[in-house]
Amino acid sequence: PTATDRIVVVGGGQAGADFVAALRMAGHQGPVTLVGAEPGYPYARPPLSKAYLSGKATAEDLYIRPPAMYEQQGIDLRTGTRVTAIDRTARHVVLADGERLSYAHLVLATGGRARRLPAPGLDAAPNVHYLRTLADVAAMRHRFVPGARLAVVGGGYVGLEVAAVARQVGLDVTVLEALPRVLARVTAPQVSAFYQRVHTEEGVDIRVDTAVTGFAFASDGSVAAVELKSGERIDADLVLVGIGLVPDTELAEQAGLAVDNGIVVDEYCRTEDPAVLAIGDCTSHPCGEHGGRRRLESVPNASEQARVAAATVTGSLQPYTAIPWFWSDQYDVKLQTTGLSTGYDEVVIRGTTETGRSFAAFYLKDGLVRAADVVCSPRDFTAARKLVAARARVAPEALRDLSVPLKQLL
Ligand code: FAD
């Protein structure tokens, strides 16, 4: 192998770290360089809003691979280093310090950044926080003290998980959601209602249909209160904004690659340039039988695309066919989802969302099980995954019948 066989990976997050490991597993022996803008070893983000924020996990617990792996596997790991440009004609990338790295294959695993709330003065406010990186947690953690008043803008998974941790630490928490329900884009109304009940039971003030119109600032520039459309003010010692992700696609765009809410790739993670692949949160990829394209933000998606891309680079094409799945932990409520619930025409609840903390919601389309959200039932989740994978046709009454184990429906 020579330097011109080098595979360069841009982005040392979940997808990048999984890719370099998968590449060696797939037998690639040539040089591999992983360039990551963040300092330190690649780490998993899910605990940032869960065990790490609550102090139950350390930064070392978050490492995606043991640090020794990179040296053992001969991975040239360059963290704290940003790629600033791609030259596709010359086949090299440019690093922030001007160094050029030539590549045979380039893999873009740039993920994304937290979407900012555009409001005057907000960017300079020291007590307004976003949550995407270890550095973000470091910036907010000292404000997580009992009695502090936290306003969460956005009732998505990140906002709700932070609310749960904050309650456990003893903060006063208000969640402000503009839509009529939390988790509106990702779950059925019944599941949203379940989460609203659980958070209310845990002492969170959940406000849906609540538009934030502005902020009141203290003399030091920090936010003192959140102003609502109703005219009400929510006093706050800190604000957490969780309103989604903006994929990091600028490098690809500047290099002339197609971008459409993500770097456009095919089912083998290839862009239109055969030498350039993209994986993880930054990609827009084919949706399989749903048709169209999608961009997913999940660890399983990043890992699966990493595996697919490693196969592509090593010359054994394996299409991405895995069924998406996801999890979320809030208090003692463990949610696991399988399949994509968009486009369903019927929701079937097994158990009840109105009391207790365990049930399953099945999403059906034309009578076929397309997706499921399972709360606190690993056994039902295992069966639900199989039902979704099989696109099983199951009568709603059978799904509802708690006396029939789900696996009997397979
Ligand atoms: P990232 O992990 O974002 O990594 C991209 C990396 O690329 C970053 O380190 C970035 O700095 C770097 N980079 C970008 N541009 C450049 C450049 N030009 N040069 C060098 N480096 C660059 N998923 C789940 O499945 N379950 C969960 O429970 C869950 N919880 C989450 C909780 C939180 C708080 C967050 C933030 C995410 C959560 N996710 C969860 C989503 C999951 O973490 C992401 O889907 C996953 O991290 C995506 O991996 P990625 O490698 O595509 O992107």
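The sulfur of cysteine 282 lies 9.7 Å from the closest cysteine sulfur, that of cysteine 269, which is too far for a bond. A search of the whole structure finds zero disulfides, a disulfide being a pair of cysteine sulfur atoms within 2.5 Å. This is a predicted model, in which local features need pLDDT of at least 70 and side-chain atom pairs count only at pLDDT 80 or more, while totals for chains, interfaces and linings use all residues. Residues are numbered from 1 along each chain as its sequence is written, and side-chain values use heavy atoms, with hydrogens and water left out.

**Confidence**

- The mean pLDDT of the protein is 96, and 99% of its residues reach 70 or more; pLDDT is the predictor's confidence in each residue, from 0 to 100.
- For the complex, the predictor gives an ipTM of 0.99 and a pTM of 0.97.

**Cysteines**

- A disulfide is a covalent bond between the sulfur atoms of two cysteines.
- Cysteine 282 counts as buried, at 0% relative accessibility. Buried means under 20% relative accessible area, exposed means over 50%, and partly exposed is in between (1.4 Å probe, protein chains only).
- Cysteine 269 is also buried, with a relative accessible area of 0%. It lies in the loop between strand E18 (263-264) and strand E19 (276-278). Helices (H or I, at least four residues) and strands (E, at least two) are DSSP runs, numbered from the N terminus.
- Phi of cysteine 269 is near 70 degrees, a positive value in a residue other than glycine.
- Cysteine 376 is found in the loop between E26 and H8 and is partly exposed, with a relative accessible area of 30%. Although it is not a glycine, cysteine 376 has a positive phi of about 55 degrees.

**Helix H8**

- Helix H8 has twelve residues (378-389), which at 1.5 Å a residue should span 16 Å; its end C-alpha atoms are 16 Å apart, which agrees. The expected span of a helix is 1.5 Å times one less than its number of residues.
- The buried residues of H8 are Asp380, Phe381, Ala383, Ala384, Leu387 and Val388. They cover an arc of only 165 degrees around the axis, which puts them on the same side of H8; the arc is that of the directions from the helix axis to the C-beta atoms.
- Exposed residues Pro378 and Arg379 are carried on the face of H8 turned away from its buried side.
- Strands E23 (333-338), E24 (346-351), E25 (359-365) and E26 (368-375), together with helix H9 (396-400), are what the buried residues of H8 pack against. Contact means heavy atoms within 4.5 Å.
- Just after H8, arginine 391 takes a positive phi of about 50 degrees.

- In soluble globular proteins, nonpolar side chains tend to be buried together.
- The largest nonpolar core has 44 residues, of which Phe144, Leu150, Leu171, Val173, Val175 and Tyr195 touch the most other members. Helix H4 (residues 157-169) gives the most to this core, with seven residues. A nonpolar core is a set of buried Ala, Val, Leu, Ile, Met, Phe, Trp, Tyr and Cys residues joined through side-chain atoms within 4.5 Å.
- Not counting residues up to four places away in sequence, valine 173 touches Leu150, Val152, Ala163, Ala166, Arg167, Gly203, Val204 and Asp205.
- The 13 residues of H4 should span 18 Å at 1.5 Å a residue, and its end C-alpha atoms are 18 Å apart, which agrees.
- Buried residues of H4 include Tyr157, Leu160, Glu161 and Val165. Just after H4, glycine 170 takes a positive phi of about 105 degrees.

**Other residues**

- Arginine 294, in strand E21 (residues 293-294), is buried, with a relative accessible area of 13%. Leaving aside its neighbours within four places in sequence, arginine 294 has contacts that include Thr283, His285, Cys287, Tyr320 and Leu340.
- Proline 120 is found in the loop between strand E8 (112-114) and strand E9 (128-129), and it is exposed, with a relative accessible area of 73%.
- Glycine 221 is found in the loop between strand E13 (212-217) and strand E14 (223-228) and is partly exposed, at a relative accessible area of 26%. Residues up to four places away in sequence aside, glycine 221 touches Ala125 and Pro126.
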